[in-house]
Amino acid sequence: MDCYRCGGHGDVECSQCHGQGFVNQDTPCPHCHGEGFHICQTCLGNGAID
């Protein structure tokens, strides 16, 4: 399933202070580690649990 934090893109926008202003840049999503999807920890992606 798509990562809820990055919407399946794998990266998120990050604002960093750079000199006099802020610079927006994309960084790997911290929730899915840049994969773009999240594996359910209950069923481990199988869609069912025993």
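Helices (H or I, at least four residues) and strands (E, at least two) are DSSP runs, numbered from the N terminus. This is a predicted model, so to speak of local features we need pLDDT of at least 70, while side-chain atom pairs count only at pLDDT 80 or more, and totals for chains, interfaces and linings use all residues. Residues are numbered from 1 along each chain as its sequence is written, and side-chain values use heavy atoms, with hydrogens and water left out.

Figure 1. Of the 50 residues in the chain, 16% are buried (buried is under 20% relative accessible area, exposed over 50%, partly exposed in between, with a 1.4 Å probe and protein chains only). Now for contacts, meaning heavy atoms within 4.5 Å. Take those between residues at least 6 apart in sequence: 36% of them join residues at least 24 apart.

**Figure 2. Here are the cysteines, with zero disulfides in the structure.** A disulfide is a covalent bond between the sulfur atoms of two cysteines; the cut-off used here is a pair of cysteine sulfur atoms within 2.5 Å. Cysteine 29 is in no disulfide, and the nearest cysteine sulfur, that of cysteine 3, sits 3.9 Å away. Cysteine 29 counts as buried because its relative accessibility is 1%. Look next at cysteine 32: the closest cysteine sulfur belongs to cysteine 6, and at 3.8 Å that is too far for a bond.

**Figure 3. The largest nonpolar core has five residues.** They are Cys3, Cys6, Val12, Cys29 and Cys32. A nonpolar core, by the way, is a set of buried Ala, Val, Leu, Ile, Met, Phe, Trp, Tyr and Cys residues joined through side-chain atoms within 4.5 Å.

**Figure 4. Cysteine 32 comes from the segment after S2.** With a relative accessible area of 4%, cysteine 32 is buried. Skip its neighbours within four places in sequence, and cysteine 32 is in contact with Cys3, Cys6, Gly10 and Phe37. As for glycine 10, its C-alpha is 7.0 Å from that of cysteine 32, though the two are 22 residues apart along the chain.

**Figure 5. Histidine 33 has a positive phi of about 60°, even though it is not a glycine.** Histidine 33 belongs to the segment after strand S2 (21–28). It counts as exposed because its relative accessibility is 65%. Between histidine 33 and glycine 10 there are 7.3 Å, C-alpha to C-alpha, for a separation of 23 residues along the chain.

**Figure 6. Tyrosine 4 sits in the segment before strand S1 (11–18).** Is this residue buried or exposed? Tyrosine 4 counts as exposed, at 65% relative accessibility. Histidine 31 is 27 residues away from tyrosine 4 in sequence, and their C-alpha atoms are 8.6 Å apart in space.

**Figure 7. Glycine 8 is another residue of the segment before S1.** A relative accessible area of 33% makes glycine 8 partly exposed. Leaving out neighbours within four places in sequence, glycine 8 is in contact with Asp2, Cys3 and Gly36. Glycine 34 is 26 residues from glycine 8 in sequence, with 9.0 Å between the two C-alpha atoms.
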